[in-house]
Structure formats: C-alpha cells, structure tokens
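Reader: I should like to understand how the terms used for a structure follow from their definitions. Please take them one at a time.

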Amino acid sequence: MSKVRVLVGTRKGAFILTSDGKREKWDVSGPHFAGWEIYHVKGSPADPNRLYASQTSGWFGQIIQRSDDGGKTWLQPGTPAGQPAAPGPPKSESNKFVYDTSAESGKPLTTHQWYDGTQHQWEFKRVWHLEPSLTDPDTVYAGIEDAALFRSTDGAQNWQELSGLRGHGTGPNWQPGAGGMCLHTIILDPSDPQRMFIAISAAGAFRTDDGGKTWKPINRGLRSQYIPDPNAEIGHCVHHVAMHPSRPGVLFMQKHWDVMRSDDAGDNWKEISGNLPTDFGFVIDVHAHEPETIYVVPIKSDGEHYVHEGKLRVYRSRTGGNEWEALTKGLPQKDCYVNVLRDAMAIDSLDKCGVYFGTTGGQVYASTDAGDSWAPIVRDLPSVLSVEVQTLA
Amino acid sequence: MIRVILPQHLRTLAKVGSEVTLEVEGQVTQRSVLDALEARYPMLRGTIRDQATQQRRPFLRFFACEEDLSHESPDAPLPDEVASGKEPLLIIGAIAGG
C-alpha cells in the first residue's frame, strides 16, 4: 500500500508527517533540530530515504543535515553519525558555502545592488532551498542567500558554486526583496538534464541549457511597477515557479503581484491572474495528473501578508490560468490572518492527488481530493516555512 | 587543558555537555582554542566564526574572567586563568530575541 511522507520546515524545527495512502490518520514526528529555523527539507526522487535539510540560525549560521533512512536519523555529511570526529583535520565541510571568486568565472562577483541602490558585497547568509537530483541521490543543488546556486555531488559533504549564474553579467543589478536576496526556486527539467530553471528575489527567473555553465534571464513579459523600468530584464520579485514534469516547457509563476505563465520555457510570459481576488501571493503548484490544473493562495497585498478578507482560500484553475475557483471546504472562512510562504505547498502523486500547504500560523492542511475539501493534519506547529511531500510505494 | 563553555544549541549539535575540555598546543588564543574546538568537533565549523573569513559571527560573544573578549584580536593571548584551565572561555549567544 502506498504511503505519503510530508516534510515540514518551521521556524523552530522540522516535522515529518506520515500516513498510509488513505491520508486520514497521521503520525507526527519532531521537532527535529529543535529551536533552529528549518528553511527546507526535501527527499531525493532517486532514493526516497535520502533526505536533505537546511538548518539555519542568525546566531550560529548554516548547517546541512542528511538522512539516509527517511528521517529516522540524521547526520551532518562528513561527520560520523552520532559521534564526534577524532582529533585531526576537520572532516565536515558540509556547511561551507564559499562564493567562487576565481579568475575562471570571468567576473569579480563582489557586489550586488543594496536596498538604497548602492553596491553591496555578496555575503552568505543561509540556504533557502535544497533540490536533489532527479537521478543521483548524492547530487543536490542549494539555492542560497545572498543569491547564488551551489551543487554537491558527494551527498552534501562539499559544495561548489555554479558561478556562471552570478557571473553572466546582471549580478550587480540584483537586489534583495523583503525577505533578503534569496535564490528560492530550483527546477530540474526531467526531459533534459542540461536544462534548469531558478528564480531569485528580486532579480527574476533564469535558465541554463548547458548544465549550469551559462545562464540567461527569462523575464520577458513580466511587469513590475515597483522598479524604475517596469519591463526591465532584471529586478522582478519572482516568488515561486512551478512546472509539471510531463510538460517541462510550460512554467507557472507567482510573482510579487501577478500570476504568470510561459509556454516556451520562460522565453515569454503572459499574465493569467484572471478573476483572482488579489494576485499577490507566494505559492504556486501544479496538479499531479492534470498539467493544466494549478493552485495558488492569494494574499491580500505586499503590505499585508495575510489572506484576503480573513478567509483562507486556495484557488484552483483547471484551464491553465485566468479562470479560478475558490476552494474553501474545511478551511477557516473568517478571522483568519495567516500567510502561506513560497515553498509551503506540495502535491503528492496518488490518485486523487493530495495537496498540502502550511501556514505562518502553524497549521498544515491536506486535501485528499485535489483541493475539493481540506482538513488540518496538525494545527499548532511553529510558523511553517516549507512543505514537501513524498509519495512512497 | 582548556575549558570551553558552549551555548545550548551548539551543545546539541556537538552532542556534548555544557563544558568541553581541549588540548591546545602553543599559545592559548581565541584562534588556537577555536581551531582545537573545530578540529575535535567538526560539526561546529562555521557556527562560531564564518567559514570563509574566520570572523566571529556577529551574534556571538566571548567572555572569560568576567571580561568581554569579543573585540580582542583573535591572536591575543587569553588570560592566564584560561590558559591554565582555572577559568573557562565562555561562548555566549547574544540575547536578541529568537
């Protein structure tokens, strides 16, 4: 019988929620890494027992955790599990993210734009997103703040920057969004191992077609009133991007304001906000079996980061955008003022597919019927930063 | 033998109690103590000082003998009481919310 495992990152630890395929009764494990911010936890598609977690703290910096048994036990890659390393040269480099400033990258890579328009030195702050390879459990990508893309090919023991992204020329014009200058979205193309999409707040979306050596901005059609040139190539605050694996050329984007769609792998975008009550938001995701069915959670505005009209509503479009229906059954419809952050929605691949999202109020909601109805799995976790789901055989 | 007291989260990470003891060769300085600490507990690399710059992380402070040593040179000798093991070096997280 199938199982599902929901991986939840919160402001004060990670939680793992498991259920059988009915998704009615849930076992809650955690907090793992209690007291630390867990920005993201994600499993390897090639080995579901291999999990990676980003554990971070303003005090103590970045830690990378790895599990090889589905989250029962964890280790910092490079350190023997459960015991201190012997005296001698340090073995663990797993939290060492050093920007590439080598001559080969061709650029000094030293500054980006600060909030006030001046240039500011790149500084590593944290890992926002971990994206395991589709085929190799030991290969994983990390999206970091200040924005850059790193890759490990040894199970997160060592990290190297794919510096062609920052070095391609527009880096000095990137600037931080309200949450910092983060690389938060990494999408691997299942049909083309050389193609990858990433997104940065507030720079925009980028694509590589050569495995990460060279990159180009893919922001044509985005329009942002909060930058001097609303149609600029760079400077858009992209919040999240989603893709259905069967149609890797079709991308859906929740921008700061505006829900967008591209049918040519990001070369051109058009707005699909349609009848949404507000088109500000963070999450966007695609149905597991219907590539034209997409989900968003509208948020009132950039100044009021909570759901519109005190109602927690997921909006679903079955037409690839423009025509949206509110999904409310089982969700609070008054006095609700939570937010749903950019990595806090996930969809399993059972039939009917399950949809999951976590709120800043600590609830994790699940729908077992593709969004028609909802129920909380847990109600009182710390503020939720990220939600991922694994469908297990 | 040098004594070091760690903040709670780093004890959890290193799987140790509140105080750890270290052998330090040569002069006892912030740098030599932290080098020895990280060599023995590699999971603490990057948590007290930046991996690339080796600068003290801004929300952490170093105290010993009731003195704030946070802004001393990392290569300045630590007090004799620390070098002799009579007093510990305290690594403390700033109280700043969280």
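Author: A residue is buried if 20 or more other C-beta atoms lie within 10 Å of its own, exposed if 12 or fewer, and partly exposed in between, with C-beta atoms placed from the backbone. By that count, 31% of the 98 residues of chain B are buried. This is a predicted model, in which local features need pLDDT of at least 70, side-chain atom pairs count only at pLDDT 80 or more, and totals for chains, interfaces and linings use all residues. Residues are numbered from 1 along each chain as its sequence is written, and chains are lettered from A and ligands numbered from 1 in the order in which they are written.

Reader: What makes chain B as compact as a globular protein of that length?

Author: The radius of gyration is taken over C-alpha atoms, and the globule rule is 2.2 Å times the number of residues to the power 0.38. For 98 residues the rule gives 13 Å; chain B has 12 Å, which is close to it, so chain B is as compact as a globular protein of that length. Its C-alpha trace spans about 35 × 25 × 25 Å along the principal axes.

Reader: Why is A:Gly177 called partly exposed?

Author: A:Gly177 has 19 other C-beta atoms within 10 Å, and it is therefore partly exposed. The residue is found in the loop between helix 1 (164–167) and strand 13 (182–188) of chain A. Leaving aside neighbours within four places in sequence, A:Gly177 is in contact (C-beta atoms, placed from the backbone, within 7 Å) with A:Ser201, A:Ala202 and A:Cys237.

Reader: What makes strand 4 and strand 5 of chain A a pair?

Author: Two strands pair if DSSP finds at least two bridges between them. Six bridges join strand 4 to strand 5 (residues 51–57) of chain A, and the two run antiparallel. In one of these, A:Lys42 has A:Tyr52 as its bridge partner in strand 5 of chain A. Three strands of chain A form an open sheet in the order 4-5-6. Strand 4 (37–43) and strand 6 (61–67) of chain A are its edge strands, as each pairs on one side only.

Reader: How confident is the predictor in chain A?

Author: The pLDDT is the predictor's confidence in each residue, from 0 to 100. Chain A averages 93, and 95% of the residues score at least 70. Over residues 85–90 of chain A, however, the pLDDT is below 50. Where pLDDT is low, the predicted coordinates should not be read in detail.

Terms used. Helices (H or I, at least four residues) and strands (E, at least two) are DSSP runs, numbered from the N terminus. Two residues are in contact if their C-beta atoms, placed from the backbone, lie within 7 Å.
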